[in-house]
Amino acid sequence: VLFLQIVHILNMTSAKIMSFLLHPEESLHSLQNRIEFETGISTGNQELLLETGICLDPRKPASQCVIDGVRGWDSYMVYLFDKSKTVYDGPFASRSLSDCVNYIVQDSKIQLPIPQLRKVWAEAVHYVIGLKEDYSRLFQGQRAAMLSLLRYNANLIKMKNNMVSASQQLKAKLEFFHQSIRLDLERYSDQMAYGISSEKMLKAWKEMEEKASQCAQAEDIGYLDEQIMALHTEIVELQKSPYARRQGEVMESLEQRAIDLYKQLKTRPPDHAYSDSTDMVKIIVQTVQSQDRVLKELFGHLSKLLGCKQKIIDLLPEIEVALNNIKEADNSVMQMQGKRQREIWHLLKIACTQSSSRSLVSSSLEGTASTPAATWLPQSSSGNAAPHPLSSLAAPEDGENFADVIQENVNYLELFSSILQEVRQEQNSMMVS
């Protein structure tokens, strides 16, 4: 018997306790199927919380419900919530009276012998203690719901901070992109008259600027931020609410009064005296009324907690979508920035190529203009004698120099032609891209 594992589950929708004997290595899904059979709550809508507000892990066995050690092994509770409901309004009936206690409640002035009255009052005290313990368990379930809500809220704050950080980064990149592309367009317009121009590239840059303006919509997260701040305010108010704290002081005092009344009866000698149960019945009625009041407040507060939790659950996918939109816009801006920079460097390459080709052409033209003139100048003889008419004929060495100059000019012409062809190909490829 000591090695048996029994889990006690408090159904917060009905305020009833269920106990299940766990089979060795039973899975949590198997336990949930048994709970569904008992309560009618489908496994998909079941939320099983520990006292710490942690939800049971479906990957672990059902034995995670049972704590190790001796402390509270038979009173440790798991709290069952129905995800499909956010309003828990009862009615929650108090635990039923035993026949003996019901007998004196129906007629509190009936006279009973002291020995019999002791037995009845002992059951009455047990009933009053039970009412207080029922409230304590339900309050602990409400506390588990609050801790679970705070866990969800912590996750919400983390996602919100990530979203705000990503939005601010996107905003900064968009501002940089807009400033840089405006400067590029201005400088491009200034050099179009005497430099390089490409209508297709200019059109692409303007389309980039428009697309960047559309990406700015992704950084607008104001509507989500407002909802999150409103939720934070609501959660703080719920934490400050008096109903978030234990309200069982009245029942505890009534419990002590019932115990004291029973002790007084116990000290009376078991003679043939008779007595009624008016005082004890008053305590029973007051305890039931107090429990009804505090349970109404408890479940009203619990419904608000679950409502806030559902709002967070609904907000999380929206924040995820906003984060994905921001990341896509960020990637788009970075791709456009990279593409524009590659095009600028391509223009720079073309400009440098054209400049080098012009310098080659000018140098080749200077070479062809100077070399033939030097070659065909008449060779002067010693003194001031007139040159011989045949002295203007080219000598064998001069003929070799003239052939070299022609070959050099032909090489320059071929190089210039290849450079021009390469420039045309690069300009065509840029226009196509």
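**Group meeting: helix packing and the nonpolar core**

Let's start with a helix pair. Helix 2 (residues 99–106) packs against helix 3 (residues 114–191) at an angle of about 100 degrees, and their axes lie 9 Å apart. Axes here are lines fitted to C-alpha atoms, for helices over the stretch in contact, and angles run from 0 to 180 degrees between N-to-C directions. The two helices, helix 2 and helix 3, are therefore roughly perpendicular; that label covers 65 to 115 degrees.

Before I go on: this is a predicted model, where local features need pLDDT of at least 70, side-chain atom pairs count only at pLDDT 80 or more, and totals for chains, interfaces and linings use all residues. Residues are numbered from 1 along each chain as its sequence is written, and side-chain values use heavy atoms, with hydrogens and water left out.

Back to the pair. Which residues of helix 2 and helix 3 meet? From helix 2, Cys100, Val101 and Ile104; from helix 3, Val120, Trp121, Glu123 and Ala124. Contact means heavy atoms within 4.5 Å. The residues of this contact are six nonpolar, no polar and one charged.

Now the whole chain. The protein has eight helices and six strands. Helices (H or I, at least four residues) and strands (E, at least two) are DSSP runs, numbered from the N terminus. The order along the sequence is β-β-α-β-β-α-β-α-α-α-α-β-α-α. There are 433 residues, and 35% count as buried. Buried means under 20% relative accessible area, exposed over 50%, partly exposed in between, with a 1.4 Å probe and protein chains only. For contacts with a separation of 6 or more, 81% join residues 24 or more positions apart.

Next, the core. The largest nonpolar core has 58 residues. Such a core is a set of buried Ala, Val, Leu, Ile, Met, Phe, Trp, Tyr and Cys residues joined through side-chain atoms within 4.5 Å. Met12, Phe81, Met163, Phe299 and Leu302 have the most contacts inside this core. Strand 4 (77–82), helix 3, helix 4 (199–215), helix 5 (222–240) and helix 7 each supply at least two residues. Helix 7 gives the largest share, 19 residues.

Lys160 is in helix 3. Is Lys160 buried or exposed? Lys160 counts as buried, at 14% relative accessibility. Lys160 touches Asp225, Ile228 and Met229, leaving aside residues up to four places away in sequence.

Asn325 sits in helix 7 (residues 278–376). Asn325 is partly exposed, with a relative accessible area of 36%. Asn325 and Glu219 are 106 residues apart in sequence, yet 8.5 Å apart in space, C-alpha to C-alpha.

Note on methods
Angles under 35 degrees count as roughly parallel, over 145 as roughly antiparallel, 65 to 115 as roughly perpendicular and the rest as oblique. Ala, Val, Leu, Ile, Met, Phe, Trp, Tyr, Cys and Pro count as nonpolar, Asp, Glu, Lys and Arg as charged, and the others, Gly among them, as polar.
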